[in-house]
Amino acid sequence: MTALRRCIQKTIASGHRCVHATVSVQPQEQVSFDSVATAITPAHRQALLEKGYTVIDGVFNAATCQTFRYEILSLRDQSLLHLNSTHLVKGNSTRLLPKHGIYEAEVADKAIQGAAPVIAAFQRDRTLLTMLSLYLPSLPLHQQLIKVQLNKGDGSCFPLHYDSDESVDSRRLTAILYLNPDWREGDGGELQLYPWPHAPVTVAPLHNRLLIFSTCRMLHRVLPSRRERLCFTTWMSVLKPRAAPPSLSQIHQKSQSGALAADALLAEVEVRKALAMLDFREEWQRSLQQSHRAEAGSRALLDDFEAKAGVMQQALEALGVRDRQEARQRAAGLCMGGSAWL
Ligand SMILES: O=C(O)CCC(=O)C(=O)O
Ligand SMILES: [Fe+2]
């Protein structure tokens, strides 16, 4: 058994921070991922289960953060970053609509691995994956892929979105490391989380801050940034995904064959997502306009969003969910035991 695993098991058993895996202080800091093992604690596990997200500050040493930043900037200098696009799927065709000022690269790509070797090494490193799997046994994480990102800071942002959907792929946790030593209040570029039924939460993109959240169930956006902003996202996947939660039409069928109690309805992931979409409808529309210029097809995105919101509204009405404020309050009082998020 490796020292790390022994240490992790001790940590889990005692419910305390793991002190054994801390790296000894060296005269000169070197690039290292060891500190990840001690950064995640039972409190972070609890936050992920109860709120769907957690924030961990000071994850890496200064030399490692500096190297991560240097690699992203050198990818930009070598023109290896490309514009991020929203995928607008209509029937069998997909239209790519670029977000202005958001550049990225997938570390799955061999050319990117060669140009960003330390970020590529972190993609191969299994410490974060192992720690999270041990803390969340119902989520045996198996694989991770990294996307690096540079936001130019000319108002560039992301609209409200979920990173994925349980019926689409096996990604379940999103971990974003921010690398912005000069970020100040007023620079914008905060990540806004919408942990419906609870109020939105704003997370500043502070240097060496790791934000982890539920890939399929946490609604989020990036607020317009007025300063160049760097980060990279690690998406962690399970090997054998559980069945995706029932769709709104499946829930409707179930409710036809016997009335579903209000609490059972509000425990359904798709009902919660539909309510969140309608509660943040105007904010969502505005965010689509801010992130995509008119010439890049923002109208098509708005039309698509409005059509979906209309369908959601009808579906909720068919299920008898009409008073959204009451639904939100009721949902906030439900004890979901972690199943709301993971
Ligand atoms: O830049 C960020 O903070 C998050 C970006 C994001 O939401 C995404 O890449 O899906
Ligand atoms: Fe995202």
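Predicted model: local features only at pLDDT ≥ 70, side-chain atom pairs only at ≥ 80, totals over all residues.
Which residues in α11 meet which residues in α12?

Residues are numbered from 1 along each chain as its sequence is written, while chains are lettered from A and ligands numbered from 1 in the order in which they are written.

Let me begin with the sheet. Four strands, in the order β5-β10-β7-β8, form an open sheet with antiparallel pairing. Strands (E, at least two residues) and helices (H or I, at least four residues) are DSSP runs, numbered from the N terminus; two strands pair if DSSP finds at least two bridges between them. At the edges stand β5 (156–161) and β8 (201–203), each with a single partner strand, so one side of each is left without a neighbour in the sheet. From one strand to the next, the twist averages 25°. Strands β7 (residues 191–194) and β10 (residues 219–225) are antiparallel and joined by 4 bridges. Opposite Arg221 in β10 stands Gln192.

Helix α11 (residues 281–291) packs on this sheet, where it touches β5 and β10, and its direction makes about 145° with that of β5. Contact here requires C-beta atoms, placed from the backbone, to lie within 7 Å. Axes are lines fitted to C-alpha atoms, for helices over the stretch in contact, with angles from 0 to 180 degrees between N-to-C directions.

I now return to the opening question. The axes of α11 and α12 (residues 298–318) come within 9 Å and cross at roughly 160°. That makes α11 roughly antiparallel to α12, as angles over 145 degrees count as roughly antiparallel, under 35 as roughly parallel, 65 to 115 as roughly perpendicular and the rest as oblique. On the α11 side are Arg281, Trp284, Gln285, Leu288 and Gln289, which meet Ser298, Leu301, Leu302, Phe305 and Ala309 in α12. By class, this contact has 6 nonpolar, 3 polar and 1 charged residues. Ala, Val, Leu, Ile, Met, Phe, Trp, Tyr, Cys and Pro count as nonpolar, Asp, Glu, Lys and Arg as charged, and the others, Gly among them, as polar.

How values were computed:
Contact = placed C-beta atoms within 7 Å.
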